[in-house]
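Take a moment to look over the chain from end to end. The report below goes through it piece by piece.

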Amino acid sequence: VTPTGPGPQSPPSALGRRMTGYSPDVPPFHGLRVGVAILTSDGQVAIGVTGDFETMSDIGVLTGGIEESVTELLKAVDDE
């Protein structure tokens, strides 16, 4: 894991146009079983998961756990 800090906190743009969405991606390469990318930008968080289903057939457990955890975090923040 190599944390790099937060992404840009101003609205991202490309060719002078505001980006309305993005998807972080971990490029697949030989030996990679699972990769998780998290990108923050403009007050938003995006999470991308890349996995080799042949060696990680239960990747849905990981993605489900991420989704449940994010939901719990959002609920905790809303309850404050």
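pLDDT is the predictor's confidence in each residue, on a scale from 0 to 100. It matters here as this is a predicted model. The protein chain has a mean pLDDT of 84. Of its residues, 92% reach 70 or more. Among the elements of the chain, helix α1 has the highest mean pLDDT, at 93. Strand β1, residues 13-14, has the lowest, at 82.

**The salt bridge**

How many salt bridges does the structure hold? There is one. K75 pairs with D79, and their closest N and O atoms are 3.0 Å apart. Both residues lie in helix α1, which covers residues 59-79. They sit four residues apart, about one turn of the helix. K75 counts as exposed because its relative accessibility is 52%, and exposed means over 50%. D79 is exposed too, with a relative accessibility of 56%.

**The nonpolar patch**

Now turn to the surface. A nonpolar patch there is formed by V34, V36, I38, V45, I47, V49, L62, V70 and L74. Together these residues have about 700 Å² of accessible area. Which elements each supply at least two residues of the patch? They are β3 (34-41), β4 (44-51) and α1. L62 is one of the patch residues, and it lies in helix α1.

**Around strand β1**

P6 lies in the segment before β1. Is P6 buried or exposed? P6 is exposed, with a relative accessible area of 66%. P6 and G43 are 37 residues apart along the chain. Their C-alpha atoms are separated by 9.9 Å.

L15 is found in the loop between β1 and β2 (17-18). Its phi is near 55°. That is a positive value in a residue other than glycine. Most residues other than glycine have a negative phi. L15 counts as exposed, at 90% relative accessibility.

**Accessibility at a glance**

The table gathers the residues discussed above.

| Residue | Relative accessibility | Class |
|---|---|---|
| K75 | 52% | exposed |
| D79 | 56% | exposed |
| P6 | 66% | exposed |
| L15 | 90% | exposed |

How values were computed: Residues numbered from 1 in each chain as written. Predicted model: local features only at pLDDT ≥ 70, side-chain atom pairs only at ≥ 80, totals over all residues. Heavy atoms only, no water. Salt bridge = Lys/Arg side-chain N within 4 Å of Asp/Glu carboxyl O. Buried < 20%, exposed > 50% of the residue type's maximum accessible area, 1.4 Å probe, protein only. Patch = residues over 30% accessible without salt bridge, like charges linked within 9 Å, V, L, I, M, F, W, Y side chains within 5 Å. Areas by Shrake-Rupley, 256 points an atom, 1.4 Å probe, with all protein chains shown as cover.
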